[in-house]
Amino acid sequence: LGLAAFAGYLYWDSRQEAAMERDSEALVGALDQIQAGNLDSGYAQLEELAGKEGGAAIAAMMMRAGIAQQRGDAAEASTIFKSVAANDKAPPAMRELARLRDVTLNYDKMTSADIVATLKPLATPGNAFFASAGELVAHAYLDQGKRAEAGALFAQIAKDENSPESARSRARQMAGVLGVDAIEDVDALLEAQGIGRDNPEGAGPSVETE
């Protein structure tokens, strides 16, 4: 999360080289502390930067939210995520990430309708967070008894080549449970998993008999 926030900051503030250099050093210093396991120190180092305006402040806020979540302070993390998500001056990708992280953090406390309303704009193919948001929306559909909508969304994730293979695999299984065919090329899938058509158990090479 910290690295993603840092990358987003670099892109957002690239035209202000002098300021970026100073703020980059602050972010790198905080990251060093975090990676060393010094969460409290990293959190403190980010406080001043998080109070400013601009891309560096957004990056610092996201990092502080991540630290708060890791320390078990869900309330503080959620407050920060909501603040970033509502900041129209923040990069769109950072706002979407903050929205996704906040829903993930509060999923069990939210109604399925609120989850769908919040994440449906992200749960579309082509969005950077399609797979993660799509899984949450699909499960919210299941909570609402909308099996057809959930199955269709799981199938979309399973067929999306831009989504992580772990997410595609989970979505493929869920789509199958819901009776939706999410496999476009059976042979390619079997080959990727090291399984031959004549050897479905994957115990060894397939054998053709005369």
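R172 is buried, with a relative accessible area of 14%. Here, buried means under 20% relative accessible area, exposed means over 50%, and partly exposed is anything in between, with a 1.4 Å probe and protein chains only.

Residues are numbered from 1 along each chain as its sequence is written, and side-chain values use heavy atoms, leaving out hydrogens and water.

Let's start with the overall layout. The protein chain has 12 helices and zero strands; both kinds of element are DSSP runs numbered from the N terminus, with helices (H or I) of at least four residues and strands (E) of at least two. Of the chain's 210 residues, 41% count as buried. Its exposed surface comes to about 11900 Å², and carbon and sulfur atoms supply 49% of that; such areas come from the Shrake-Rupley method with a 1.4 Å probe, and for residues only the protein chains shown count as cover. Among contacts (heavy atoms within 4.5 Å) with a separation of 6 or more, 44% are between residues 24 or more positions apart.

How far can the model be trusted? The predictor's confidence in each residue is its pLDDT, on a scale from 0 to 100. The chain has a mean pLDDT of 81, and 76% of its residues reach 70 or more. Over residues 185-197, however, pLDDT is below 50, and this stretch has 10 contacts in the model beyond near neighbours in sequence. Residues 199-210 also stay under 50, with eight contacts beyond four places in sequence. Where pLDDT is low, the predicted coordinates should not be read in detail.

Now for the interior. In soluble globular proteins, nonpolar side chains tend to be buried together. A nonpolar core is a set of buried Ala, Val, Leu, Ile, Met, Phe, Trp, Tyr and Cys residues joined through side-chain atoms within 4.5 Å. The largest one here has 54 residues, and those with the most contacts inside it include L27, M62, L100 and F154. Helix α5 (residues 55-70) gives the most to this core, with 10 residues.

L100 leads us to helix α7, where M94, L97 and D102 are also among the buried residues. Helix α7 (residues 92-106) has 15 residues and reaches 21 Å from its first C-alpha to its last, close to the 21 Å expected, a value found as 1.5 Å times one less than the number of residues.

The model holds five salt bridges, each a side-chain nitrogen of Lys or Arg within 4 Å of a carboxyl oxygen of Asp or Glu. In one of them, D102 meets K82 at 2.8 Å, N to O. D102 lies in helix α7 and K82 in helix α6 (residues 74-85), so the pair ties together parts that are 20 residues apart in sequence. D102 counts as buried at 10% relative accessibility, whereas K82 is partly exposed at 46%.

That brings us back to R172. E165, R168 and R172 are linked in a network of salt bridges. The closest N and O atoms are 3.6 Å apart between E165 and R172, and 3.9 Å apart between E165 and R168. E165 and R168 both lie in helix α11, three residues apart, about one turn of the helix. E165 is partly exposed at 45% relative accessibility, while R168 is buried at 16%. Beyond residues up to four places away in sequence, R168 touches I157, A158, K159, D160, E161 and S163.

Definitions and conventions. This is a predicted model: local features need pLDDT of at least 70, side-chain atom pairs count only at pLDDT 80 or more; totals for chains, interfaces and linings use all residues.
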